[in-house]
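Okay, thanks for coming, everyone.

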Amino acid sequence: MSNTYVLEVNNLKKYFPVKTGVFKRTTGHIKAVDDISFKIKSNETLALVGESGCGKSTTGRTILKLYDSTAGEVFFNGEDIMKISKSQFRHMRKDIQMIFQDPFSSLNPRMTVKELLIEPLATHKIGDSAERNRLVIEMMEKVGLSNEQLTSYPHEFSGGQRQRISIARALIVKPKVVILDESVSALDVSIQSQILNLLIKLQKEFNLTYIFISHDLNVVKHVSDRTAVMYLGQIMEMTETDRLYTNPLHPYTKALLSAIPSLDPYEKKERIILKGDIPDPSNPPSGCPFRLRCPMAHERCIVDKPEFLEQEEGHWVACHLYTQ
Ligand code: SF4
């Protein structure tokens, strides 16, 4: 793997079996992640965006080995972590952390904040008791919480404060990569921006690389360097975030962007309404996965699956409109 990349994902697939009948035979597969590839540089933020069920969260969980991959490679520190056992991965686990949407489900309600922050240090055998206390106090300050709150329980905090605790818990072990799975989606807009600003500040301070999973293109715009747009388990378009917003190529990206309300009252924006719903991932359409909803679909899209190709440097798209 190239030294410039922290994480390199090659042809990753995660299929879930569909079991039917009395004998629960496997009769098909849900292709939740279907052959995706991307690389992330150190200190970079790559956003994975798309509608619910597009495979973005499954991608994050598969990278973290919470799910076994069906195929593909994920290189981290020069090692394909898809090939190593879960017990071998345990010692690398501290380097790749995940922060979830709902801190309530990830924070044990019977533990105080101090216990919640000590736990990952103890799991990874970091420091003695005095060092752990020092790290806890330092981390509370970094996430904007006070030390008087160390003896409080998760239910005594607001949603935004709970997410600060989750961030502290993930960062206290000094990871290299953090996967943020809809981490601000449940928060009010004003709190969202506070947490996003905190994440940006901590990224610089801790030299972090983020995979930012979100359905919200507005949020992504402010935090990510590059964005990958997913649909039916595949990446449809990937490029620098600024370029994606100013020059989207894929019809799906164009439709998603057209749905974002403009802040400029004089800007005339035509909303592209997509027909139908996302198809059943266990029975995807032939050819282009987006063809049943695409306003630009043509004959070729029914039979040929478009390749994911680099149209201009760093701008990848899977669409026949850009191939001969
Ligand atoms: Fe639309 Fe065809 Fe492009 Fe797919 S390949 S996005 S159906 S134009």
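Predicted model: local features only at pLDDT ≥ 70, side-chain atom pairs only at ≥ 80, totals over all residues.

So, cavities: the count is 2 of 30 Å³ or more. By cavity I mean, on a 1 Å grid over the protein atoms alone, a set of points where a 1.4 Å probe fits but cannot get out, and lining residues have an atom within 4 Å of a point. Grid points are joined across faces, edges and corners, and a volume is the space filled by probe spheres set on the points.

Residues are numbered from 1 along each chain as its sequence is written, and side-chain values use heavy atoms, with hydrogens and water left out.

The largest cavity comes out at about 80 Å³. Who sits closest to its centre? Out of 14 lining residues, that would be Cys 288, Cys 294, Cys 301, Cys 319 and His 320. The lining splits into 10 nonpolar, 3 polar and 1 charged; here Ala, Val, Leu, Ile, Met, Phe, Trp, Tyr, Cys and Pro count as nonpolar, Asp, Glu, Lys and Arg as charged, and the others, Gly among them, as polar.

The second largest cavity has a volume of about 40 Å³. Around it you find Lys 31, Asp 34, Leu 232, Gln 234, Pro 281, Pro 284 and Pro 289, which divide into 4 nonpolar, 1 polar and 2 charged.

Next, the sheets. Helices (H or I, at least four residues) and strands (E, at least two) are DSSP runs, numbered from the N terminus, and two strands pair if DSSP finds at least two bridges between them.

E1, residues 5–20, pairs with E2 in the antiparallel sense over 13 bridges, and Pro 17 stands opposite His 29 in E2. For the angles, axes are lines fitted to C-alpha atoms, for helices over the stretch in contact, and angles run from 0 to 180 degrees between N-to-C directions. Contact means heavy atoms within 4.5 Å.

The other sheet I want to show has 8 strands, is also open, and goes E6-E7-E8-E3-E9-E10-E12-E11 with mixed pairing. Its edge strands are E6 and E11 (309–312), each pairing on one side only. On average, neighbouring strands here are turned by 20° against each other, direction ignored. Over at the E11 end, 3 bridges pair it with E12 (residues 315–317), antiparallel, and Glu 310 has Trp 316 as its bridge partner in E12. Helix H7 (residues 189–206) packs on this sheet and touches strand E3 (45–49), E7 and E8, with its direction at about 160° to that of E8.

E7 runs parallel to E6 (residues 96–99), with 4 bridges, and parallel to E8 (residues 209–214), with 5. Met 98 has Ile 179 as its bridge partner in E7, and Asp 181 has Ile 213 in E8.

Then helix H10, residues 251–258: 7 of its 8 residues are buried, so the rest of the structure largely encloses it. The cover includes helix H8 (217–223), strand E9 (226–231), strand E10 (234–240) and H9.

H9 itself spans residues 241–246 and holds Thr 241. Is Thr 241 buried or exposed? Buried, with a relative accessible area of 1%. Setting aside residues up to four places away in sequence, Thr 241 touches Val 220, Lys 221, Ser 224, Asp 225, Arg 226 and Thr 227.

Last stop, Gly 127, in the loop between helix H4 (113–123) and helix H5 (129–142). Gly 127 is partly exposed at 37% relative accessible area.

Definitions and conventions: 1 Å grid on protein atoms, 1.4 Å probe; cavity = no way out; pocket = protein on both sides within 12 Å on 5 of 7 lines; lining within 4 Å. Buried < 20%, exposed > 50% of the residue type's maximum accessible area, 1.4 Å probe, protein only.
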